[in-house]
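This briefing concerns the structure shown below. Its points are grouped by topic for reference alongside the coordinates.

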Amino acid sequence: MNKISKSPEYLRIATEEAWAPADLLKRWRKLLHDKSFHDPGFLALWGFFLEQDVGYTNTMVEKLVDLGAGRIADMDATGIDRQLLLLTAPGVQVFRDPAEALDMARASNDEVADACRKYPERFSALAAILPQDPVAAAREMDRAINQLGLNGVVINSHTHGEYLDDPRFWEIFEAAEALDAAIYIHPQAPPPNMVTEFAKRGVEGAVMGFQVEVALHTVALILAGVFDRFPRLKLVIGHGGEGLPFWLYRLDYQQKVILANRGTKLAHPISEYLKRNVFMTTSGMGWEPAILFCQQVMGVDNILYAMDYPYEFNAEEVRVTDNLPISDTDKKKLYQTNAERIFKLQATKQ
Ligand code: CA
């Protein structure tokens with residue numbers, strides 16, 4: 001790989017960079033072998049990453065757990081100044097026992113906060129929480145942000161097939177809004193009642209299942225009135241907004257034609273919530289037409305750079321982003337200042 005140098009113009013902040021504690025992966029391996037654990041999406045995806053010896057998977061798992069020299073060397077090779085670390089999907093949400101999920105969320109947040117303290121110029125991180133217990137989740141969010149200094153929250157989408165549009169989870173949104181903490185909704189494999197048709201074709205993960213799953217989750221939150229109730233809530237989604245920017249016109253049109261006649265009452269068009277409350281990253285979408293389109297329809301203040309390391313580790317995608325035909329100001333927003341604003345990272349290069 002041809003090394004990419006640092007840019008004198010901007011910091012490259014990558015905002016959807018995955019990691020996993022070794023202990024969490026050990027527990028996931030146990031679930032893979034536990035005959036009573038039925039989650040076809042998890043079994044297919046992590047069966048592949050943790051049990052298949054195909055070279056790519058071994059390297060990937062090593063890179064996931066490394067919060068030290070190896071990760072920093074990869075960042076240096078691709079010109080990444082800072083990674084925003086997220087506990088990889090499905091995080092602690094896979095555990096049936098909320099006590100185990102809480103223990104693992106706390107341990108993960110402590111470990112990643114240590115790495116951020118050790119490499120303050122290179123790492124920031126989001127807090128993992130357990131939607132299984134919304135009260136404990138809100139408490140851990142507060143601890144991770146106010147005591148550990150983390151920069152927001154990651155939720156790996158559905159929890160055992162339940163989506164956050166169910167009001168029983170809204171204590172999480174109330175806490176996030178009060179803390180002014182952005183929530184990154186990261187995909188995981190679709191839940192059992194959705195995944196079958198994807199899994200039998202091998203597309204339950206990043207090929208297709210992820211995009212469909214988070215796009216549905218995001219629209220579900222809008223339709224449930226989450227942003228009418230919590231107007232200052234900030235969500236972040238990846239992968240070029242999981243296709244939603246391309247659907248803006250159709251979503252608004254069908255909201256008037258279909259949803260209004262089915263009793264959905266919202267204060268605003270769907271596109272307005274997507275522009276006001278939802279920020280989008282370029283993770284896994286190092287493709288000029290898609291990035292430019294997202295900036296055009298969502299606004300240049302709403303799109304953030306991400307690499308999706310280590311699942312995507314590709315210097316060419318950084319070159320594509322460096323060479324986008326946009327102004328220097330807009331490029332700095334994409335790479336640096338939008339991330340600093342949304343995740344309250346300390347600005348280090350003016
Ligand atoms: Ca990712």
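Just after helix α4, G79 adopts a positive phi of about 70°. The model is a predicted one.

**Helix α4**

- Helix α4 spans residues 69–77, and its buried residues are R71, I72, D74 and M75.
- These residues lie on the same side of α4, because they cover an arc of only 160° around the axis.
- In an α-helix there are 3.6 residues a turn, so residues three or four places apart point the same way.
- The cover over the buried residues of α4 includes β1, α3 (56–65), β2 (82–87) and β3 (123–125).

**Calcium site**

- The calcium ion is coordinated by E16 through OE, H186 through NE2 and D308 through OD, at 2.1 to 2.4 Å.
- Along the sequence, the donor residues follow the spacing E-x169-H-x121-D.
- E16 belongs to strand β1 (residues 13–19) and H186 to the loop between β6 (183–185) and α8 (192–199), so this pair ties together parts that are 170 residues apart in sequence.
- E16 has a relative accessible area of 1% and is therefore buried.
- H186 also counts as buried, because its relative accessibility is 10%, under the 20% limit.

**Aromatic residues**

- The structure contains 15 aromatic pairs.
- In the pair F173 and F230, the ring centres are 6.3 Å apart and the planes are at 55°, so the pair is tilted.
- This pair links distant parts of the chain, with F173 in helix α7 (residues 170–179) and F230 in the loop between α10 (226–229) and β7 (235–237), 57 residues apart.
- F173 and F230 are both buried.
- One aromatic cluster is formed by W28, F37, F42, W46, F48, F49 and Y311.
- R12 places its charged end over the ring of Y335, at 5.7 Å from the ring centre.

**Nonpolar cores**

- The largest nonpolar core has 100 residues, of which W28, W46, F95, M141, F173, I183 and L274 touch the most other members.
- Helix α5 (residues 98–118) gives the most to this core, contributing seven residues.
- Another core, of 15 residues, lies apart from the largest one and has L11, V154, F279 and L345 among its members.
- With neighbours within four places in sequence left aside, W46 is in contact with L25, W28, L32, E51, L64, T88, A89, P90 and Y311.
- Of these contacts, W28 and Y311 are also members of the aromatic cluster that includes W46.

How values were computed
Residues are numbered from 1 along each chain as its sequence is written. This is a predicted model: local features need pLDDT of at least 70, side-chain atom pairs count only at pLDDT 80 or more; totals for chains, interfaces and linings use all residues. Side-chain values use heavy atoms; hydrogens and water are left out. Donors are N, O and S atoms within 2.8 Å of the metal (3.2 Å for Na, K and Ca); water is not among the atoms, so sites may look incomplete. Helices (H or I, at least four residues) and strands (E, at least two) are DSSP runs, numbered from the N terminus. Buried means under 20% relative accessible area, exposed over 50%, partly exposed in between (1.4 Å probe, protein chains only). The arc is that of the directions from the helix axis to the C-beta atoms. Contact means heavy atoms within 4.5 Å. Rings of Phe, Tyr and Trp (its six-membered ring) pair if their centres lie within 6.5 Å; planes under 30 degrees apart count as stacked, over 60 as edge-to-face and the rest as tilted. A charge sits over a ring if NZ of Lys or CZ of Arg is within 6 Å of the ring centre and within 35 degrees of the ring normal. A nonpolar core is a set of buried Ala, Val, Leu, Ile, Met, Phe, Trp, Tyr and Cys residues joined through side-chain atoms within 4.5 Å.
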